[in-house]
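Take a look at the structure below. We will walk through its salt bridges.

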Amino acid sequence: MVRIVLIDDDPISTFVTEKLISKNIKVPYKIFKYQSASIALDEIDHIVPNYLFLDLNMPEMTGWDFLEVFKPTQESPEVYILSSSVDENDINKATNYAIVKQYLSKPLVKKYIQKIFL
């Protein structure tokens, strides 16, 4: 079973992402949703996700803060940053993290999800 973690403080964005995934994934899956990056960080080692979708701008702990401390204990998930920011600095900063597969703009669109879950 494919395990997918969504970390985003915006419930509408999470809902849209979840719906796009459910309509475009062809294998059994389970989605774990978190509105707090720090809570996700506490629980993620028990989930061992295959995919992780991460918002950058969140209160308490940002997506950048999460990436600084997230050290997978087992195999690394494919991490996709989801952000409404189109700031070149953010896009370039994402490339500094080997674990980050791609920087995606919100709202997420079908063609990105289809490429991820081919």
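Start with Lys-106. Its relative accessible area is 21%, and the cut-off for buried is under 20%, so Lys-106 counts as partly exposed. Keep in mind that this is a predicted model.

Lys-106 pairs with Asp-8 in a salt bridge. The closest N and O atoms are 2.8 Å apart. Where do the two partners lie? Lys-106 sits in the loop between strand E5 (100-105) and helix H5 (110-116). Asp-8 sits in the loop between strand E1 (2-7) and helix H1 (11-24). The pair therefore ties together parts that are 98 residues apart in sequence. Asp-8 is buried, with a relative accessible area of 4%.

Lys-106 also meets the side chain of Asp-55 in a salt bridge, at 3.2 Å from N to O. This pair, too, links distant parts of the chain. Asp-55 belongs to strand E3 (residues 51-55), while Lys-106 is in the loop between E5 and H5, 51 residues apart. Asp-55 is buried, at a relative accessible area of 5%. Together, Asp-8, Asp-55 and Lys-106 are linked in a network of salt bridges.

Now turn to another pair. Glu-18 and Lys-33 join their side chains in a salt bridge, 3.1 Å from N to O. Glu-18 lies in helix H1 and Lys-33 in strand E2 (residues 29-34), so this pair ties together parts that are 15 residues apart in sequence.

How many salt bridges does the count come to? The count is three.

Technical notes
Residues numbered from 1 in each chain as written. Predicted model: local features only at pLDDT ≥ 70, side-chain atom pairs only at ≥ 80, totals over all residues. Heavy atoms only, no water. Salt bridge = Lys/Arg side-chain N within 4 Å of Asp/Glu carboxyl O. Helix = DSSP H or I, 4+ residues; strand = E, 2+ residues; numbered from the N terminus. Buried < 20%, exposed > 50% of the residue type's maximum accessible area, 1.4 Å probe, protein only.
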